[in-house]
Amino acid sequence: MSTAQSEGDLLIKPSTTDHALYEPVVEACKTVFDPEIPVNIYDLGLIYTVTISEAGEVGIIMTLTAPGCPVAGEMPGWVSDAVGAVPGVQSVEVEMTFDPQWGMDMMSDEARLELGFM
């Protein structure tokens, strides 16, 4: 049995953007910064997916700018703490992935401007 993805499969699972907690969760993610880059992790494109259940259970799939990032072991906890403080959030599970690998094209225009790429 092959585990390779089919051509139509999404590399990044869609977020639950229509949930009332989505915007507050995104804002909470924007309070977390990579210590080496003066831009929040959301605008850097490190948050791939935010899923939110009806019960307020939040699942986040994220990545790092590089697998050897010095804060790789700490950043999921920072994200969990920030999102867990949002009123209405019952639980937070942060999953780390490197598939697909992060690229500079994942940054928001704000992040590109802040870092001098625009």
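Thr49 is part of strand β1. In this predicted model, Thr49 has a relative accessible area of 2%. Burial is defined as a value under 20%, and Thr49 is therefore classed as buried. Leaving aside residues up to four places away in sequence, Thr49 touches Ile12, Lys13, Pro14 and Ser15, as well as Gly59, Ile60 and Ile61. With Lys13 there is also a polar approach: a polar atom of the Thr49 side chain lies 2.6 Å from the backbone oxygen of Lys13.

Three strands form an open sheet in the order β1-β2-β3, and their pairing is mixed. At the edges stand β1, residues 47-52, and β3, residues 91-96, each of which pairs on one side only. On average, neighbouring strands of the sheet are turned by 15 degrees against each other, direction ignored.

In general, strands of a sheet pair through backbone hydrogen bonds, in either a parallel or an antiparallel manner. Here, strand β2, residues 57-62, runs parallel to β3 and is joined to it by six bridges. Glu57 has Ser91 of β3 as its bridge partner.

Two helices accompany the strands. Helix α2, residues 75-84, packs on the sheet and touches β2 and β3; the direction of α2 makes about 155 degrees with that of β3.

Note on methods: Residues are numbered from 1 along each chain as its sequence is written. This is a predicted model: local features need pLDDT of at least 70, side-chain atom pairs count only at pLDDT 80 or more; totals for chains, interfaces and linings use all residues. Side-chain values use heavy atoms; hydrogens and water are left out. Two strands pair if DSSP finds at least two bridges between them. Helices (H or I, at least four residues) and strands (E, at least two) are DSSP runs, numbered from the N terminus. Axes are lines fitted to C-alpha atoms, for helices over the stretch in contact, and angles run from 0 to 180 degrees between N-to-C directions. Contact means heavy atoms within 4.5 Å. Buried means under 20% relative accessible area, exposed over 50%, partly exposed in between (1.4 Å probe, protein chains only). A polar contact is a pair of N or O atoms within 3.5 Å; within protein, one must be able to donate a hydrogen and the other to accept it, and residues adjacent in sequence count only if both atoms are side-chain atoms.
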